[in-house]
Amino acid sequence: MATDLMVMMDDRPGALAELGNALGGGGVNLAGACAMTSRGQGMVHLLVEGNPAPAREAITGAGIDIAAEREVIVVDVADEPGMLGRYSERLAEAGVNIELMYVATGTRLVFGANDLEAARQALA
């Protein structure tokens with residue numbers, strides 16, 4: 001199972017370092033991540049494979065709140081043009097709304113969707 005943990009933080013120097021150090025100190029190896037800022041806030045998505053409890057404990061132990069947690073689908077893809085379109089189109093044809101997407105380690109796409117079961121079937 002793959003889990004996406006979303007963390008909201010202040011947009012300031014050192015915030016991402018604090019999160020990264022907390023995860024590293026907790027022995028958490030991230031399988032993927034995405035971070036962006038807007039209007040003074042940072043949004044960080046963290047991909048954890050397997051048991052997400054150690055990541056949760058490391059994050060909250062550092063005094064950082066987890067804004068959301070969700071199961072996601074991780075798909076191995078070729079590192080070539082058109083992969084995002086190809087896989088997104090398969091989800092669209094199945095009527096699945098993509099709510100989250102980012103690239104993970106090992107040339108993999110991470111999808112959060114409104115209907116994970118339909119998404120799994122479309123991507124099988």
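Thr-3 is buried, with a relative accessible area of 1%; buried means under 20%, exposed over 50% and partly exposed in between, computed with a 1.4 Å probe on protein chains only. The residue is found in strand β1 (residues 2-10). Helices (H or I, at least four residues) and strands (E, at least two) are DSSP runs, numbered from the N terminus. Leaving aside neighbours within four places in sequence, Thr-3 is in contact with Leu-46, Leu-47, Val-48, Pro-52, Glu-69, Arg-70 and Val-72. Contact means heavy atoms within 4.5 Å.

The model is a predicted one, in which local features need pLDDT of at least 70 and side-chain atom pairs count only at pLDDT 80 or more, while totals for chains, interfaces and linings use all residues. Residues are numbered from 1 along each chain as its sequence is written, and side-chain values use heavy atoms, with hydrogens and water left out.

**Helix α4**

Helix α4 spans residues 116-123, and its buried residues are Leu-116, Ala-118, Ala-119, Ala-122 and Leu-123. These residues lie on the same side of α4 because they cover an arc of only 160 degrees around the axis; the arc is that of the directions from the helix axis to the C-beta atoms. Their cover includes β4 (66-76), α3 (83-93) and β6 (108-113).

At the N-terminal end, α4 is capped by Asp-115, which has a side-chain oxygen 3.3 Å from the backbone nitrogen of Glu-117.

Arg-120 also has its place in helix α4. This residue is partly exposed, with a relative accessible area of 32%. Arg-120 touches Glu-71 and Ile-73, not counting residues up to four places away in sequence. Arg-120 and Ile-73 are 47 residues apart along the chain, and their C-alpha atoms are separated by 7.3 Å.

**Helix pairs**

Two packed helices are described by the angle between their axes and the distance between the axes. Axes are lines fitted to C-alpha atoms, for helices over the stretch in contact, and angles run from 0 to 180 degrees between N-to-C directions.

| Helix pair | Axes come within | Crossing angle |
|---|---|---|
| α3 and α4 | 9 Å | roughly 125 degrees |
| α1 (residues 15-25) and α2 (residues 53-61) | 8 Å | roughly 130 degrees |

The axes of α3 and α4 cross at roughly 125 degrees, which makes α3 oblique to α4. Angles under 35 degrees count as roughly parallel, over 145 as roughly antiparallel, 65 to 115 as roughly perpendicular and the rest as oblique. The contact is made by Tyr-87, Arg-90 and Leu-91 of α3 and Ala-119, Ala-122 and Leu-123 of α4.

For the other pair, the axes of α1 and α2 cross at roughly 130 degrees, which makes α1 oblique to α2. Here the contact is made by Leu-19, Ala-22 and Leu-23 of α1 and Ala-55, Ala-58 and Ile-59 of α2.

**Two loop residues**

Arg-39 is not a glycine, although its phi is positive, at about 50 degrees. This residue is found in the loop between β2 (32-38) and β3 (41-49). Arg-39 is exposed, with a relative accessible area of 86%.

Thr-107 is not a glycine and has a positive phi of about 55 degrees. The loop that holds Thr-107 is between β5 (98-104) and β6. At 31% relative accessibility, Thr-107 counts as partly exposed.

How values were computed: A polar contact is a pair of N or O atoms within 3.5 Å; within protein, one must be able to donate a hydrogen and the other to accept it, and residues adjacent in sequence count only if both atoms are side-chain atoms.
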